[in-house]
2 protein chains.
Amino acid sequence: MLETIRWLPGEECLELLDQTRLPAEISYIKCSDYRQVAAAIKCLAVRGAPAIGAAAAYGLVLAAGKCRANAEEEYLAQVEAAARELAATRPTAVNLSWALTRLLQRASDAGTGDPAVLRDLLLEEAHAIFREDASGNRKIGEYGQGFIPQKGSVLTHCNAGALATAGYGTALGVIRAARNAGKDVSVYADETRPLLQGARLTTLELLQENIPVTLITDNMAGFLMAKKMVDLVIVGADRIASNGDVANKIGTYGLAVLAKAHNIPFYVAAPFSTVDLSLHSGDEIPIEERDHTEVTHHGGRLLAPAGVKVWNPAFDVTPHHLVTAIITDRGIVRPPFGENLKKTTRQGLQDC
Amino acid sequence: MLETIRWLPGEECLELLDQTRLPAEISYIKCSDYRQVAAAIKCLAVRGAPAIGAAAAYGLVLAAGKCRANAEEEYLAQVEAAARELAATRPTAVNLSWALTRLLQRASDAGTGDPAVLRDLLLEEAHAIFREDASGNRKIGEYGQGFIPQKGSVLTHCNAGALATAGYGTALGVIRAARNAGKDVSVYADETRPLLQGARLTTLELLQENIPVTLITDNMAGFLMAKKMVDLVIVGADRIASNGDVANKIGTYGLAVLAKAHNIPFYVAAPFSTVDLSLHSGDEIPIEERDHTEVTHHGGRLLAPAGVKVWNPAFDVTPHHLVTAIITDRGIVRPPFGENLKKTTRQGLQDC
């Protein structure tokens, strides 16, 4: 399995797999400055809500290592400024601000003005976020694999795999766990326009592990369901509101409507860090709109007439009533989500 | 407006706009042999149900012009063999076999064995098909434009425009007619993977006529509807069964499900030659599956890992209960389609 994010201890350096070049080329971007991490998040070299959370955390460590200040307050102000810059790279996934807030809290709790000590604490916290995400995904896999029949066909959208996380993956983690449990699981992967994360990344991960995968264009999902070729849908998430509304890669909402129309269960797999209890509903989730060239160009080639107007939202919101269950690292959350997400927050692991 | 198909009278030659090169390049393929026409249909240089019907008709004229036989029977057998070859190029659109059958009928009705006379009759019939399609589209436009509000936003899929027909278009004909009627109509165009007919062709047609158009990827249609950015959907058709089930470009079915879920009317615009009363339902419509490289490659570039399995149906079937009305050159057909399509066949123009 390809490593998405790796911290090089001796070098004060973060290496990020450049996912924009996959599957053609495996190369890493070396980041010794937090601004390089911010740029890598913005251009989607690193992507996926949990992965950008962990990458941003390490980015803040790089920032902290370079801050120079006379007083503790001044130092923390510089770290906070870097955190704001990292947080502003992408607005939709809450894991980004969640991870940065967690590091800043650790720093402010430390009660020391020593930059070297603070930087080490931040690194410890970034490592913890990374480790917890990887182990959380294994738990998501274990909890979720029960939803996959002994011989089952799963449709997934975008890439919610090892490449989108610290490892193993959320939606693909569930599929991996089903396979490890001896199930005969096959996957249909939506190519996921405009940036083809499904075609480029999901198929790559599954091919590497010999899990049968068939690539389709996004607009084939409806016909696939009508022909009864798929038993369930599993996707990841970029932010989940307290009522269970789910922001995820554009196209997820359409899939959820189609799944409902065909009586196919629709599961969302995400770590609990993706849940944003501060938001009442998905209407409050900011939806990033990206550059029109993502739609009009591929590999530098113009696909459409020059100057055509484009609408390019990177995410959409799936209302909770279309979601069968949310599979988290703390357990499976079922409707009513408003109540059960809060219960899970308080009590941890359960199936509710 | 670009000419899709043109017969060069003095040269015994058919010119077909090479739509695979649009929008980058405007070039025509000169066909002096029916096999060149068959190849152009197969590779989608000419595409769209009505356009391939007309192109195949002219293709048969080219074949007839070259047949050499001693007896009428032998001559007709050669023409029929060419017709079978042309009909086999693409299985889903019924207009192809409809046009060829019409020419063969004309030949067998003629009661002459004179090749020159027969070839002229066939050319006359091909011209008639071409002319009727172009004028039929104007009628479709007139009948259909009443469905577009004074200020309206239409979502369309693939290209059902002048480029898909002998001119003016079916779905885009309705939009053109609304504009000509002084309506403030704007269009969202699905890019339509894998071959991007929406991104390449529909946007081009609309930009040329200054009809406001916004390009989206296919998976954005659901979110577009959820945000109430679209008033109605209009698509073309490749074959309509007697119960009103509609085969059209892959992705149409998903759009129809989404439209229903959002209470948005879903219209199909097609000449009556697209109706196949011999089929009881859409289940009987053969669905073409095309080469996997259409999905995995673009402009010679590999988009996905080499060797990945692909499912690539070129069409899907939308069941009649998702269709609000079918706009034909003989009038508007409403549910119950089974009854009303038959009534329209018998009585011609009406709104039923």
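Colleague: Does A:Trp311 count as buried or exposed?
Modeller: The model is predicted: local features need pLDDT of at least 70 and side-chain atom pairs pLDDT 80 or more, while totals for chains, interfaces and linings use all residues. Side-chain values use heavy atoms, without hydrogens and water, residues are numbered from 1 along each chain as written, and chains are lettered from A and ligands numbered from 1 in the order written. Buried means under 20% relative accessible area, exposed over 50% and partly exposed in between, with a 1.4 Å probe and protein chains only. A:Trp311 has 9% relative accessibility, so this residue counts as buried.

Colleague: How many aromatic pairs are there over all chains?
Modeller: Rings of Phe, Tyr and Trp (its six-membered ring) pair if their centres lie within 6.5 Å; planes under 30 degrees apart are stacked, over 60 edge-to-face, and the rest tilted. Over all chains, the number of aromatic pairs is eight.

Colleague: Why is the pair of A:Trp311 and B:Phe223 called stacked?
Modeller: The ring centres of A:Trp311 and B:Phe223 are 6.0 Å apart. The pair is stacked because the planes stand at 15°.

Colleague: Which helix of chain B holds B:Phe223?
Modeller: Helices (H or I, at least four residues) and strands (E, at least two) are DSSP runs numbered from the N terminus. The pair crosses between chains, and A:Trp311 lies in the loop between strand 14 (309-310) and strand 15 (315-318) of chain A. B:Phe223 is buried at a relative accessible area of 7%. On chain B, B:Phe223 belongs to helix 8 (residues 221-226).

Colleague: What backbone oxygen does the side chain of B:Asn340 reach?
Modeller: B:Asn340 is in helix 11 (residues 337-347) of chain B and is buried at 5% relative accessibility. At 2.8 Å, its side chain reaches the backbone oxygen of B:Arg334.

Colleague: How many bridges join strand 2 and strand 3 of chain A?
Modeller: A:Leu14 stands opposite A:Cys31 in strand 3 of chain A. Strand 2 (residues 13-17) and strand 3 of chain A pair in the antiparallel sense, and the number of bridges is four.

Key:
A polar contact is a pair of N or O atoms within 3.5 Å; within protein, one must be able to donate a hydrogen and the other to accept it, and residues adjacent in sequence count only if both atoms are side-chain atoms. Two strands pair if DSSP finds at least two bridges between them.
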